[in-house]
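Here are some friendly notes for a colleague opening this entry. Please keep the structure in view while reading.

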There are 2 protein chains.
Amino acid sequence: MRLSLSKLLQSERPKTWAKTVRIAVSGAAGSISNHLLFKLASGEVFGQDQPIALQLLGSERSRSALEGVAMELEDSLYPLLREVTIGIDPYEIFQNADWALLIGAKPRGPGMERADLLDINGQIFAEQGKALNAVASPNVKVIVVGNPCNTNALICLKNAPRIPSKNFHALTRLDENRAKCQLALKAGVFYDNVSNVTIWGNHSTTQVPDFLNAKIHGLPVNEVIADHKWLEEEFTSRVQKRGGALIQKWGRSSAASTAVSIVDAIKSLIIRTPEGDWFSSGVYAKGNLYGISEDLVFSLPCRSKGDGDYEIVGDLVIDDYLRKRIKKTEEELLAEKKCVAHLIGEGNGFCDLPEDTMLPGEQ
Amino acid sequence: MRLSLSKLLQSERPKTWAKTVRIAVSGAAGSISNHLLFKLASGEVFGQDQPIALQLLGSERSRSALEGVAMELEDSLYPLLREVTIGIDPYEIFQNADWALLIGAKPRGPGMERADLLDINGQIFAEQGKALNAVASPNVKVIVVGNPCNTNALICLKNAPRIPSKNFHALTRLDENRAKCQLALKAGVFYDNVSNVTIWGNHSTTQVPDFLNAKIHGLPVNEVIADHKWLEEEFTSRVQKRGGALIQKWGRSSAASTAVSIVDAIKSLIIRTPEGDWFSSGVYAKGNLYGISEDLVFSLPCRSKGDGDYEIVGDLVIDDYLRKRIKKTEEELLAEKKCVAHLIGEGNGFCDLPEDTMLPGEQ
């Protein structure tokens, strides 16, 4: 279904405008999208002279809610929003997408194991990968938010051989933002003085927020925060438990700050990374210089020239403390990959996940 | 309670920045605020070089949710957001506020009459008016969103004699935006070609969306939309019923587009109105040239030089059709005023409201 305003595109679009950026969003009727779509439409992400089209993917169950979202977008009179398409078929909705923000995923039901979740969501992301492969822009950039996002992104890229593997991202930016916030609070500085924060590995409780390479006011965090015990024993768990703490306070999951971190993740790819800094993203690990298994989607330090592409930063220092932890999150991702072997063309899936590593406060 | 980051203000704020704009928001843990606060913090409203402080008012019941909102704001690392204060005492939270966005109001319970609602919320807004009078910036701009917003705004301004009455607004911008959207859809043009739309009167079902003075592509709407029957018989009800239609589709009220319209209302006061155009706001009607009772908060066409102040536009054409409707919404506001006489220093309140005029989909 295409909304009525889209018909007006041809006649009413100023001739001077840039080519419309087409953004497909799955889970479009959910609470993260309810924040994100309005940010995209406002011009906050792609700039005040960039017209955009939103292509919203929902489920049969959420169809009516999708119509509601589209109505609210209409009522907001955003001048840059030139088209809204809604639907439940990824082969229709992903057409010519320049960006695909894959937020929708089945939440874990009561008694459901992580293995079950991997399988159910894996099937969704295999299907969406095939749809992207068939109909999206050949250089589409894909950001996977639905959990378990790293392995979902791996499944997606394996099912989309026409699209460069490096175009697929799993969102670890909220983890990075939370890590920066905790370091700023501990050091008593404002956030924007914290830089070079890396999240390594999986978006799960095995993730490794890296304070060894992080900087505050350009100095190593170790030199600014004297409390090394806090860094080694508390910092990581504070980052991981932030979502859970928020649910306890707030009674709902952190939709608004997740949406903000998706905006940050997009901006990191379309704006040149400040000299000497980097950002974290779950990316296809091929060519990494850290000895991490290359056929995984692994959160790594990246930098971009602002052209939508990025390179993995290769010169971070890895000490024994960090190496041990990175190994653990890598092993988890390898085990998750075995679980979904049937979805990535590698034979039968076999699941042996020793523990539940979902982040508290996430589904 | 003041959050930890606020301590860092002095040491970490760039010396070159403008004076912080202090924005108090009531109902800060609610769903409209959950959209609005992130817009304010992002710089979308006051600009990318304007530091802001958010002063968040909640209730005893929402205290913990307020802490959650503040945590999500922290995790968003907004560089312009230099301070977040949360609390439940308006005399604390409104201190030195440059803007007060009064969103919080008691929703109507089952079986509650509009008269009861007027009384309960009137007491809240009387108290908040007194608090603004006592502690806010003497030139604070106040936008009342909580319903019934016109009469709440009147109560608020009557209880704040130190603050100019013209600084108080009742939000009718969402109505204006919806009216523009409906005219655009009907005419088959893009929204930004619709201008000069006025909402007259009360934010209720007696409101008068004005197509007589509205323009499309600079031409009178009457000349562009040939279907005059639609304009006279359908247009108004489409605008009024939009919120109700949305709730039916979406299962929730239109928090996102309400937040967008609050942003629009603020921007209309801090950005010069385009030549020849105007915007709608519920303002103190003193000095209006339309013969409308002056001691009301009445939605009128306004224009601004962008200095936070505005003037009522005085030269709109009023025909019999419009005059009759404006009279009806004026009578309703006069009746509402009688209901709350005890809250504005005019003796005993006496309520005689003939019908329920709450907008569908609102509380």
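The points below go from a single chain to the contact between chains, and then to some local details.

1. How to read the model. This is a predicted model, in which local features need pLDDT of at least 70 and side-chain atom pairs count only at pLDDT 80 or more, while totals for chains, interfaces and linings use all residues. Residues are numbered from 1 along each chain as its sequence is written, chains are lettered from A and ligands numbered from 1 in the order in which they are written, and side-chain values use heavy atoms, with hydrogens and water left out.

2. The single chain. Chain A contains 11 helices and 14 strands; helices (H or I, at least four residues) and strands (E, at least two) are DSSP runs, numbered from the N terminus. The radius of gyration of chain A is 20 Å, close to the 21 Å that the globule rule gives for 363 residues, so chain A is as compact as a globular protein of that length. Here the radius is taken over C-alpha atoms, and the rule is 2.2 Å times the number of residues to the power 0.38. Along the principal axes, the C-alpha atoms of chain A fill a box of roughly 60 × 50 × 40 Å.

3. The extent of the contact. Chain A brings 52 residues to the contact and chain B brings 53 residues, where contact means heavy atoms within 4.5 Å. The copies meet through the same surface, because 100% of the interface residues of chain A are also interface residues in chain B. About 4,800 Å² is buried between the chains, with carbon and sulfur atoms giving 57%; this is the accessible area (1.4 Å probe) that two parts lose on being put together, summed over both.

4. Pairs across the interface. What links the side chains of R242(B) and D75(A)? They meet in a salt bridge (2.9 Å, N to O), a term for a side-chain nitrogen of Lys or Arg within 4 Å of a carboxyl oxygen of Asp or Glu. Side chains of opposite charge can pair when their charged atoms come close.

5. Local details worth a look. The peptide bond from N147(A) to P148(A) is cis, with omega near -10 degrees, and P148(A) sits in the loop between strand 5 (141-144) and helix 6 (149-158) of chain A. In chain B, the bond from N147(B) to P148(B) is cis too, with omega near -5 degrees. L77(A), although not a glycine, has a positive phi of about 55 degrees; its place is the loop between helix 3 and strand 3 of chain A.
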